[in-house]
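Please consult the sequence and the structure while reading.

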Amino acid sequence: MKITVADVEYAARLARLELTSGEKELFAGQIGAILGYVEKLKELDTEGIVPTSHAVPMENSFREDVVQPSIGVKNALANAPESEGSFFAVPKVIE
Amino acid sequence: MKYQPVIGLEVHVQLLTDTKIFCGCSTKFGAEPNSQTCPVCLGLPGALPVLNKKVVEFAIKAGLSTNCSITPRSIFARKNYFYPDLPKGYQISQFEDPICQWGWLDIKVDGEESKRIRITRIHMEEDAGKLVHGELSGRNDGSGVDLNRACTPLLEVVSEPDLRSSDEAVSYLKQLHQIVTWLGICDGNMEEGSFRCDANVSVMPVGSDTLGTRAEIKNVNSFKFVKQAIEYEIQRQIDLIEDGGKVVQETRLFDPNSGKTRSMRSKEEAHDYRYFPDPDLVPLVISEQWVERSRQGLPELPEQRQQRFMTELELPLYDAEVLTASRALADYFEAGVAAGGNAKTVGNWIMGEITRALNDSGTAIESCPVSPVQLAELLKLIDNGTISGKIAKTVFDEMWRSGKAPLAVVEEQGLLQVSDTGAIELIIDEIMAANAGQVEEYRGGKEKVFGFFVGQVMKASKGKANPAVVNELLLNKLKG
Amino acid sequence: MNIFDMTIHELHTELKNKRISSVEATTAMLERIRSVEPQVGSFITVTPDQALAAAAVADERIAQGDCHLFTGIPLAIKDIFLTEGVLTTCGSRILDNFIPPYSATSWEKLRDRGAVLLGKLNQDEFAMGSSNESSAFGVTRNPWNTAHIPGGSSGGSAAAVAASEAIATLGTDTGGSIRQPASHCGCVGLKPTYGRVSRYGVIAYASSLDQVGPLTRDVADCASMLEAIAGHDPKDSTSVDAAVPDYTASLKNGVKGLKIGLPKEYFITGLDPDVQSAMDAAIETYRRLGAEFVDISLPHTDYAVATYYLIATAEASSNLARYDGVRFGHRAEADGLLDMYTRSRSEGFGVEVKRRIMLGTYALSSGYYDAYYVKAQKVRTLIMNDFIKAFADVDVMLTPVAPTPAFKIGEKVNDPLQMYLSDIFTIPVNLAGTCAMSLPAGFSASGLPIGLQLIGKPFGEETLLRAGYAFEQATEWHTRKATI
């Protein structure tokens, strides 16, 4: 399965990853090999087969609409790389 | 070349549950930033979502009230993209199997026939957090993230592009707004963002059936702005095409100050959201019994109630419409009728005195100091002649102020209507004696003078004289 | 007997009879850790002060007559489990400063029973790996031969048990990450049925495959630990609301008449000869114990690795999107928002993680979703059906755990596909969602442990443990200790 550097760049952009050109080449090769390997799934006829979304059949897992204590601003911000008052601070977002 | 606008609407309805859709944090508006958060809505490692059952119930109600089919097995999906107000880097929404599908609303625009606007789907999803920019966050060069709103339950209602004008769009939105507030699933507060509209607008030549490229106007938060935004956008697109340009598929924002839409800074390339079923949530299976129970539990919807007011209570269309503006108002009205009031009269009083008093004092009907039962009592007093219609308004004002029952007010203030013919005759005689000139004028043919005498009698009786009796006696006496 | 060589049950007896205190036991463990860590490297974080404090509290409870099986027992857990107030890295630089405000449910259950936390164990970064070579915090070495890998991704969990640095440990298994290191390190490791144990507070790799499980010195410990952590958790929508049986009650019932399936696809030619002879010997042992063998087939076995690497990486690519430097974790110096995202993630994630994120992103991307992700989920159904069909005829299945004993450190790092293929025997169990266990079944000629895998029916852990116990008691493999 031929994966080009452009393909790698597309996926990297979607995944917010920055790769060196060396890494791009390496990944193009390795991911290409892996995708080449998974092509073997095409050998199987899966017409009419329902995809599995959950390994054990489960449905309807609910909770009641009852307020639970929040963890508080201090705990929420405890690991924040940067905060400003009660906000998480990030570089300016332009809309 | 004449162009026809084509409009589709996506409405985000924020649900009135006490807690968020996937965690137990409170949904109360206006709290200190990030004070209503937990590992789940913060998107911390290891946290997992659990579905709030009430959200499902509200979604079913919304679906049934818009003629949708309820999907027996629906799935939550992840919509993957990066943005600072999206803590997990994906939004939990529904993609291939939304909870409601294939509904409609019939709208009516002034002077036109009723038109059916199809609703493609209604699905459940979580809201993102809020971003504040520049000075608000304390830094000029940064933005602040508040995740209180993150994970708030939303219903997204998507219409087919069946709308053909800004008026139709507004009519559709108003009806949808009325339904969700009527059901009690949304507070309808557009300024606070409880009911947000995205409009997909395109134009195509009249007679064509090839849809033009559409632009999406995001997050318009008032009916007035929706109308303005759509009208601006339609014209913008027409102008663009006639100048030889091409409409670009993009997201635009409406600026209420300028009345224009502008392109949002390009959000990088077209999004590849990579939707897939969320493995942390299990399928939602809704049985026919559950749907039936929901259906039984639905309140009578605005449309039906309006109809009933017209057929059963014989109200004219206008009255029926006004009195079904909100469920609380309709409930108040019916309670008044149930307490023995005449439907038309109760309606008139609500549309008149009560609305005036509510508006003047900035009170909502839910907090009206005069109860429907008290109103009915007041009307009974007029009806049986205890007080006159004119005095009733005075009594009403006092009831509003003091909260006292009508009879108590009447007695305390001595406002009982005087119908005793003897007493009234005495007053009339006095007035006629003191105004001989006007008596002459009346007898000489100047009929307008009658009103002068009525006024004088009412004044002398401090308004308590029964007007019908006054009229009858005056007529007789003046005739001579 | 050294305290550090005891099992949970043995130490519990000593604690209950007040021959040893929890503080003594914990001190002994900390001493042991100090002495062998330079050679093994099982731990990312050791928490001596908190451990001794918890041990002191346990001793008070014991003094008041409150001594349950886990009271005062020193344990260690994989750094994938969130521990309130204690650094939790998941083996990654991107979380190298993350102090969680809450703990994983499965850990809380043990802690509430009085267990003492010795520290957080090393692992492949974000549980992606089979050799523990991708941790940002150094390599963990196999205590039986430190030139070899301990297995992964719960390499630290297995090595710590084998090196007697903890009485027992917790790990996670997505494609074999408990069973394979347990096999390589000569201890018992169990992956419960999906949904049996809560995933709340466990850093997610592949949500539809991840499960929490114990690594212990023997089967009785494993049964007790499973019982302590299993059960419905309302905070995990995928946790099953089914009663937890007394897993120890039926442990000694033996295996007479037990039908054991041998899936032919797992007994390939080209299996390492030491692994083959260990399997042959195990089959003999079970026959002597009265079990019956049935030849079965799991026809879609050959497609399991491909299926796994599409589903797991797809889910992982989405699960790891939250590591963006906004609310926690590593944030890089950057100009602007986009830059902050890409630099933080690129600096914080290692190569294997990046590779799997890329693969998963690709499998879900527009135009490829049906061909890759959906196709894989359909093949998964076929694989599940294989197991359902086969379990109509047998009670458990017996297979090897890994094609070879532990390879040398550095031997496979440059060929990811080769590495992935070595998970062939363990991966199908995760895809099918059922339970399986690895237990010591012999050694290679060079002295490296070899485990055997027992696969059970969904929620059939009782039978699994019973079968494991019978084998263990009829052999001596579990009594051997690494000389480190």
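The model is predicted. In it, 38 residues of chain C are in contact with 32 residues of chain B. The area buried between these chains is about 2700 Å², and carbon and sulfur atoms give 60% of that area. On the side of chain C, C:Ser237, C:Arg322 and C:Arg327 lose the most area to chain B, together 22% of what that side buries.

Between chain C and chain B there are 17 residue pairs in polar contact. Helix α9(C) gives the most to the side of chain C that touches chain B, with four residues. The residues of that side divide into 20 nonpolar, ten polar and eight charged. One salt bridge is counted between the two chains, formed by C:Arg199 and B:Asp280.

The whole structure holds 50 salt bridges over all chains.

| Salt bridge | Closest N and O atoms |
|---|---|
| C:Arg199 and B:Asp280 | 2.9 Å |
| A:Lys24 and A:Glu9 | 3.1 Å |
| B:Arg356 and B:Asp360 | 3.7 Å |

Where do B:Arg252 and B:Glu233 lie in chain B? B:Arg252 belongs to strand β14 and B:Glu233 to helix α4, 19 residues apart. B:Arg252 is buried, at 7% relative accessible area, and B:Glu233 is buried at 0%.

B:Arg356 and B:Asp360 are separated by about one helical turn, because they stand four residues apart in helix α9 of chain B. B:Arg356 is partly exposed at 35%, whereas B:Asp360 is exposed at 61%.

Terms used: Residues are numbered from 1 along each chain as its sequence is written. Chains are lettered from A and ligands numbered from 1 in the order in which they are written. This is a predicted model: local features need pLDDT of at least 70, side-chain atom pairs count only at pLDDT 80 or more; totals for chains, interfaces and linings use all residues. Side-chain values use heavy atoms; hydrogens and water are left out. Contact means heavy atoms within 4.5 Å. Buried area is the accessible area (1.4 Å probe) that two parts lose on being put together, summed over both. A salt bridge is a side-chain nitrogen of Lys or Arg within 4 Å of a carboxyl oxygen of Asp or Glu. A polar contact is a pair of N or O atoms within 3.5 Å; within protein, one must be able to donate a hydrogen and the other to accept it, and residues adjacent in sequence count only if both atoms are side-chain atoms. Helices (H or I, at least four residues) and strands (E, at least two) are DSSP runs, numbered from the N terminus. Ala, Val, Leu, Ile, Met, Phe, Trp, Tyr, Cys and Pro count as nonpolar, Asp, Glu, Lys and Arg as charged, and the others, Gly among them, as polar. Buried means under 20% relative accessible area, exposed over 50%, partly exposed in between (1.4 Å probe, protein chains only).
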